[in-house]
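Student: I have a new model to read. Can you walk me through it?

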Amino acid sequence: MAAVSVRAVGKLLFFFTFFSTVKAIDSPTDEEIFQYQQQRSSVENHIVSTSRHHHHRTADAPRLVMDTAILKVNTSLDYPVQIWAVSAECYKCNMTFMMEVDPSIPTDPFLVQTAFMTHISIVKDNHDGTNDSICRFDKLFGEHGEYQMHINPNGPSEENKFDCPVYADKDPVDSNIPILVAFCIYVGLFLVFLAVRQLYYTIGRSQYAWFIGYFPFRETDRLVNSDLGSPSPSSTGTEDRRQAGPDSTAQAAPQGLRRLRSLDTFRGLSLAVMVFVNYGGGGYWFFKHARWNGLTVADLVFPWFVFIMGTSIALSFRRLLKKGVSRLSLLWKVVQRTVILFLLGLFIINTKRGHNSWSTLRIPGVLQRLALTYFIVALLEVVGATAEDRNWSWKPQGYLSLYLLQTSRIAPVRDIVNYWHQWLVMVVMVTVHLVLTFWLQVPNCPPGYLGPGGLSDLAHYNCTGGATGYIDRTVFTDDHIYDHPTPITVYKTEVPFDPEGLLGTLTSALLCFLGLQAGKILLTYTQNGQRVGRWLGWAAATGAIGALLCDGRQNEGWIPLNKNLWSVSFVLVLSCFAFVLLSACYIIIDVKQWWTGAPFYQVGMNSILVYIGHELCADKLPFQWAASPTHSAQLATDLVGTTLWVLIAVWLHYKKFYLKI
């Protein structure tokens with residue numbers, strides 16, 4: 001087995017150091033990135049005028065970038081009017097003054113954002129504190145289109161005396177075509193792979209060993225435990241097999257010493273998508289994190305990784321306890337892994353791009369959140385291990401409650417009742433989270449504030465995140481948390497806010513614990529139908545509660561969906577998706593064996609290496625390069641970088657090399 005030694009870690013450090021010296025051609029500096037973000041923020045924050053004053057039209061039109069179009073305004077009125085606008089992305093934001101259109105002075109065309117609907121209002125200022133509405137409408141502009149709006153007094157009715165039609169001088173482009181092209185390319189490569197594999201099995205390896213030998217079709221039998229806990233072999237549920245009896249006709253789950261590939265595949269798929277969105281996701285808004293409330297593809301992957309970590313904890317800890325490892329030894333292993341993960345995030349990830357000043361070092365982070373979440377749930381599992389977990393002999397007279405549990409009507413839910421004390425601790429933690437969120441007194445902010453502040457709530461401009469942000473700013477201070485949070489570009493927030501802060505750790509522990517429950521189902525029940533049925537039941541329950549809390553809408557309900565806050569509704573809805581995806585992976589990969597899980601299971605078995613590697617090699621050739629500001633160019637570099645890390649994970653797997661903490 002490839003247990004990673006100090007020498008191996010040294011080789012990895014050399015590998016990453018080497019690539020850190022190979023900067024992409026013209027890759028941007030921190031200052032340039034900040035300037036670009038500021039420039040993009042003005043575009044993404046609704047409508048950006050090249051000037052908010054009168055100008056004579058110049059020959060140079062605004063430069064189009066991703067998710068922008070050009071709008072030119074003409075008027076037939078004999079008095080000036082004002083244009084106000086706001087993007088639908090900015091929830092509860094007031095309209096912003098953009099420009100004044102005077103019929104006697106030509107105006108320049110300006111840029112409009114195309115990712116979201118734009119609310120536009122045209123008014124006449126009466127210069128007495130009042131105004132008259134001319135037109136008010138919503139418009140979704142197309143990317144790289146060139147539009148004209150003509151304001152005229154020829155309205156369709158007495159109630160609507162004015163007309164403000166918008167028409168395209170130049171048709172927009174379909175920004176989703178690059179995604180379709182990329183999909184076709186990957187499907188084509190997959191079909192070529194299948195054809196070569198069929199050739200391998202049909203003709204035989206001997207005649208084409210010089211070529212076919214490079215394709216890893218054979219499975220390696222030497223698998224090691226993956227990072228953050230691993231699935232044990234399917235030798236689970238001993239007591240259930242005795243109860244089922246030799247004559248049971250129910251379909252049994254896969255047994256033997258074969259690893260549950262679906263768990264590694266789930267982890268690897270989540271990590272591959274995480275790499276893609278961290279590299280930029282092609283510049284598409286749905287591959288970026290939601291600015292505040294809501295869900296995008298980017299918001300799914302990290303929570304899924306947390307969920308599957310919990311499942312891995314259940315399986316790996318059961319295996320270690322049955323091997324005779326003491327709980328004290330296991331607790332020491334948990335502490336070691338927690339410290340290593342936290343320090344990797346603090347000193348390796350958080351010090352990238354020259355952020356190596358002690359005075360401004362960010363303390364929270366992704367790996368730090370994983371470390372604390374892992375510690376909480378792993379500690380619960382070590383302390384709360386039952387006699388069954390530790391493989392003690394089962395004696396009904398010595399364990400009366402266990403005997404009654406296994407032989408009563410409660411048996412169908414014994415995966416919950418057996419661990420009632422763990423559930424009690426988790427209920428207390430969620431209660432503490434809710435009490436702090438809704439009743440902690442935050443200076444100058446209303447109790448239970450969950451909004452982003454900024455433009456969405458001018459009266460509470462600096463209340464971003466409510467209690468969640470306040471706790472982090474109090475504990476870590478403003479200098480040691482994330483200073484460029486997701487709402488800053490849209491809501492123009494001014495206070496730092498960290499999406500991996502302290503209060504959200506309690507709910508991420510809930511998500512990990514629900515993943516632990518998925519693992520307990522694997523351990524307790526041996527029939528495929530029992531396992532999948534219970535997973536889907538949990539999906540229905542968590543999804544229903546989550547939908548009830550957020551009222552099934554993006555910005556409404558008692559507790560909206562919010563990854564920045566790791567709200568309870570967000571955790572429950574994401575666990576619903578995770579239970580469903582785990583069920584699908586388990587059926588397709590482990591039960592029906594329609595798919596081996598490749599190439600994602602190899603990524604899942606080297607998750608720490610891939611995550612740290614992709615972070616350190618960001619903006620380095622060949623993983624990323626300077627690309628033109630178009631979706632097609634950005635998508636190409638992001639997909640190539642992601643594919644390279646998948647290929648590296650596959651190669652390391654067949655070299656039997658795994659980075660294990």
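Predicted model: local features only at pLDDT ≥ 70, side-chain atom pairs only at ≥ 80, totals over all residues.

Student: Where is Ser-262, and is Ser-262 buried or exposed?

Tutor: Ser-262 lies in helix 6, residues 261-278 (helices are DSSP runs of H or I, at least four residues, numbered from the N terminus). Buried means under 20% relative accessible area, with a 1.4 Å probe and protein chains only. Ser-262 has 0% relative accessibility, so it counts as buried.

Student: Which residues does Ser-262 touch, leaving out those up to four places away in sequence?

Tutor: A contact means heavy atoms within 4.5 Å. Ser-262 touches Cys-585, Tyr-586, Ile-589 and Asp-590. The side chains of Ser-262 and Asp-590 also form a polar contact of 2.5 Å (a pair of N or O atoms within 3.5 Å, one able to donate a hydrogen and the other to accept it).

Student: How do I read two packed helices?

Tutor: Use the angle between their axes and the distance between the axes. Helix 8 (residues 327-349) and helix 19 (residues 607-616) pack at about 15°, axes 11 Å apart. Therefore helix 8 is roughly parallel to helix 19 (angles under 35 degrees count as such).

Student: Which residues of helix 8 make the contact?

Tutor: Leu-341, Leu-344, Ile-348 and Ile-349 do, against Ile-608, Tyr-611, Ile-612, Glu-615 and Leu-616 of helix 19.

Key
Residues numbered from 1 in each chain as written. Heavy atoms only, no water. Helix = DSSP H or I, 4+ residues; strand = E, 2+ residues; numbered from the N terminus. Buried < 20%, exposed > 50% of the residue type's maximum accessible area, 1.4 Å probe, protein only. Axes fitted to C-alpha atoms, helices over the stretch in contact; angles between N-to-C directions. Parallel < 35°, antiparallel > 145°, perpendicular 65-115°, else oblique.
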